[in-house]
Amino acid sequence: MPGCIFLRVWHSSISERVGRILVKTADLDPRQNHVFGFHPHGILVAGGFVNFCTEATGFQLLFPGLTPRLLMLPLWFRVPFFRDYIMTGGLIPSDKDSAAYLLRQEGGGNAVVIAVGGAPEALDARPGAFTVLIKNRKGFVKLAMEHGAPLVPVFSFGENELFDQVDNPKGTWLRWIQERMQKVMGIALPLFHARGVFQYSFGLIPYRKPIFTVVGKPLRVERNEKPSAEEVDAMHEKYLEELCKLFEEHKAKYGVPEDKHLSFV
């Protein structure tokens with residue numbers, strides 16, 4: 001009980017500081033299970049956490065009958081006490097078995113939320129960045145095909161605006177160390193900063209910038225328990241097209257310049 005109370009207080013705190021809006025563009029059938037692709041990862045997946053692990057933005061009101069489950073690195077579920085903390089928010093390990101278990105449930109009602117870019121994408125998260133690590137990330141597409149679950153692109157405008165990050169372009173010693181540590185530990189260690197509690201020049205509290213998380217239209221996926229590489233590639237390409245369309249249709253509303261476009265790597 002104390003952990004749940006603390007979690008609610010923290011959720012309320014970050015929601016007030018950041019400002020958040022969950023935007024619905026289409027109805028989602030609660031009789032089906034869905035796979036949400038969340039972009040971008042950002043530093044801490046703040047938009048994903050607030051929107052899909054709490055009711056701060058009214059997910060259940062917008063999508064009645066659906067229960068979102070955000071995936072998180074299995075490493076964190078081995079940490080005593082912290083494991084219980086994140087489980088109160090409904091997070092599950094980001095392994096195939098955990099996601100498949102939810103997608104196999106008859107009657108639907110589950111939304112598996114995957115931050116597709118993962119930890120490596122966090123190393124490129126900084127204000128003004130629209131780089132999405134997805135070109136060779138096709139496991140979430142294959143997972144959806146194996147269970148016939150609609151693919152839903154989600155883009156969180158403002159996710160990369162919450163923190164500054166120390167410059168770490170590829171080829172620098174800092175980036176080399178970060179990438180090596182990511183391969184060994186499975187987690188990224190971006191050197192980020194924002195503002196403090198009583199001053200705004202430096203600290204680890206996110207900037208007061210709004211996040212607008214837009215949930216796109218579902219992409220119909222036919223069930224195929226053993227899709228070929230070509231079939232996965234074709235569905236992956238369709239998903240990229242839908243993600244681009246979602247970004248382009250909404251970017252002007254949320255302060256993104258007309259000449260800015262998504263960059264897939």
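**Stop 1: two crossing helices**

Start by selecting helix H7 (residues 139-147) and helix H9 (residues 229-250) in this predicted model. Their axes are 9 Å apart and the helices pack at an angle of about 110°, so H7 and H9 are roughly perpendicular to each other. Now show the side chains at the contact: H7 supplies Phe140, Val141, Lys142 and Met145, while H9 supplies Glu231, Val232, Met235, His236 and Tyr239. Colour them by class and you will find 6 nonpolar, 1 polar and 2 charged residues in this contact.

**Stop 2**

Next, select Ala149, which sits in the loop between H7 and strand S7 (151-157). Is Ala149 buried or exposed? With a relative accessible area of 2%, Ala149 is buried. Leaving out residues up to four places away in sequence, Ala149 touches Asn33, His34, Val35, Leu103, Ala144 and Val221.

**Stop 3: helix H5**

Move on to helix H5 (residues 96-103), whose buried residues are Ser98, Ala99, Ala100, Leu102 and Leu103. What do they pack against? Their partners are strand S2 (34-39), S3, strand S4 (92-93), strand S5 (110-115) and H7.

**Stop 4: Leu70 in strand S3**

Strand S3 (residues 67-72) holds Leu70, so select that residue now; its relative accessibility of 4% makes Leu70 buried. Setting aside neighbours within four places in sequence, you can see Leu70 in contact with Gly48, Phe49, Cys53, Gly90, Leu91, Ile92 and Val113. Lys238 lies 168 residues from Leu70 in sequence, with 23 Å between the two C-alpha atoms.

**Stop 5: helix H8 and its two sides**

Select helix H8 (residues 173-185) and draw a line between its end C-alpha atoms. Which residues of H8 are buried? They are Leu174, Arg175, Gln178 and Gln182. Turn the view to look down the axis of H8: these buried residues fall within an arc of 95°, so they line one face of the helix. They pack against helix H6 (118-122) and strand S8 (164-165). The face turned away from the buried side carries the exposed residues Trp173, Trp176, Lys183 and Val184.

Zoom in on Gln182 of H8. At a relative accessible area of 18%, Gln182 counts as buried, the cut-off being under 20%. Beyond residues up to four places away in sequence, Gln182 touches Ala119, Pro120, Ile187 and Ala188. Just after H8, look for Gly186, which takes a positive phi of about 85°.

**Stop 6: some backbone details**

Most residues other than glycine have a negative phi, and most peptide bonds are trans. Keep that in mind for the last selections.

- His39 and Pro40: the peptide bond from His39 to Pro40 is cis, with omega near -15°. Pro40 lies in the loop between S2 and helix H2 (46-52).
- Val45: this residue is also in the loop between S2 and H2, and has a positive phi of about 55° although it is not a glycine. Val45 is buried, with a relative accessible area of 12%.
- Phe81: look in the loop between S3 and helix H4 (82-87). Phe81 has a positive phi near 70° and is exposed, with a relative accessible area of 71%.

Methods. Residues numbered from 1 in each chain as written. Predicted model: local features only at pLDDT ≥ 70, side-chain atom pairs only at ≥ 80, totals over all residues. Heavy atoms only, no water. Axes fitted to C-alpha atoms, helices over the stretch in contact; angles between N-to-C directions. Helix = DSSP H or I, 4+ residues; strand = E, 2+ residues; numbered from the N terminus. Parallel < 35°, antiparallel > 145°, perpendicular 65-115°, else oblique. Contact = heavy atoms within 4.5 Å. Nonpolar A, V, L, I, M, F, W, Y, C, P; charged D, E, K, R; others polar. Buried < 20%, exposed > 50% of the residue type's maximum accessible area, 1.4 Å probe, protein only. Expected span 1.5 Å × (residues − 1). Arc of directions from axis to C-beta.
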